Amino acid sequence: MVAGPQGIIAGVAAYEAASTRDARAMPSVVVYAPRTGSVTPLVPGDTASVGPLALADYDGDGDLDLFVGARIYPGGYPLSPSSHLYRNERGRFVLDSANARVLDKLGMVSTALFSDIDGDGDQDLLVAIEWGKIRVFQNTGGRFTASEMVGLSEWHSRWNGLATGDLDGDGRLDIVATSWGRNADHVATPERPLFLYVGFLPGHGRPDLLLAQQDPRIKGVAPLASFDRLSEALPAVGTRIRSFHAYADASIELAVANVPLRSRPGSRPP
């Protein structure tokens, strides 16, 4: 939720929608007028539930434009939805199709902000992705391009917060980023990153998930689910691996061989 020129601009979460049609039926962004209590739709519904919003005059025409970060597909965690930019045209937010491709399948955006991170006088876009990277999009005349920043882009995590400021007084903006870090059941380290495997198994209408972690003992990535639980979900595991002892030494490749799962980037806090 952010303060806009017409009142308070808020995203409308659709993660409980029963279908894509239901998600599209409700506006994804509204403006609330505190004086009258009226709620006016600003941006039509989308297939993904809305996450963070950010305002800035990124095209330099004197009014505030809008970034709408996509959070999740209803029932589709952790698939990567597309986020959107909207230009302010005389008080109406119009989809910025020129910047659509750079935000396509961006990921599950948990926080976002505009900031002149490269010091060239215009507003760049920074977004934090859950199970992904902190992404920086540099602004050139209202067009955004993805930028790989040394010391930042190699870190993957479950990011959930961003802020910028000149913390060391050198005249350049620094970045403060927060994530789940060690506040979770499974702790990721640079030596033992976490991985999230995702796929659609036969007969399942929603994505199936499997957490795994680098295991130095077996010199590979090992599933974190218990043997009995994974065997219940994937009966082939129980026929291929016959004991708890064998499962303790099994890599993810052996445990889920021939199962159509793909890994998301590892979670490695800096």
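In which helix does Ala-23 lie? The close-up views below, taken from a predicted model, begin with this residue.

View 1. Ala-23 is part of helix 1, which covers residues 20–25. With a relative accessible area of 2%, Ala-23 counts as buried, because that value falls under the 20% limit used for the term. When neighbours within four places in sequence are left aside, the contacts of Ala-23 are Ala-14, Ala-17, Gly-45, Asp-46, Thr-47 and Pro-74.

View 2. The strands follow the order 5-6-7-8 and their pairing is antiparallel. Strand 5 (49–56) and strand 8 (92–95) form the edges, each pairing on one side only, and the twist from one strand to the next averages 30°. Within this sheet, strand 6 (residues 65–72) and strand 7 (residues 84–89) run antiparallel and are joined by three bridges, and Phe-67 stands opposite Leu-85 of strand 7.

**View 3. The largest nonpolar core.** This core comprises 16 residues, and those with the most contacts inside it are Tyr-197, Leu-230, Ile-241 and Ile-252. At least two core residues come from each of strand 15 (194–199), strand 16 (208–215), helix 2 (227–233) and helix 5 (252–255). Not counting residues up to four places away in sequence, Ile-241 touches Phe-227, Ala-246, Tyr-247, Ala-250, Leu-254 and Ala-255. Another core, of 15 residues, lies apart from the largest one and includes Leu-103, Leu-106, Ala-112 and Phe-114.

How values were computed. Residues are numbered from 1 along each chain as its sequence is written. This is a predicted model: local features need pLDDT of at least 70, side-chain atom pairs count only at pLDDT 80 or more; totals for chains, interfaces and linings use all residues. Side-chain values use heavy atoms; hydrogens and water are left out. A nonpolar core is a set of buried Ala, Val, Leu, Ile, Met, Phe, Trp, Tyr and Cys residues joined through side-chain atoms within 4.5 Å. Buried means under 20% relative accessible area, exposed over 50%, partly exposed in between (1.4 Å probe, protein chains only). Helices (H or I, at least four residues) and strands (E, at least two) are DSSP runs, numbered from the N terminus. Contact means heavy atoms within 4.5 Å. Two strands pair if DSSP finds at least two bridges between them. Axes are lines fitted to C-alpha atoms, for helices over the stretch in contact, and angles run from 0 to 180 degrees between N-to-C directions.
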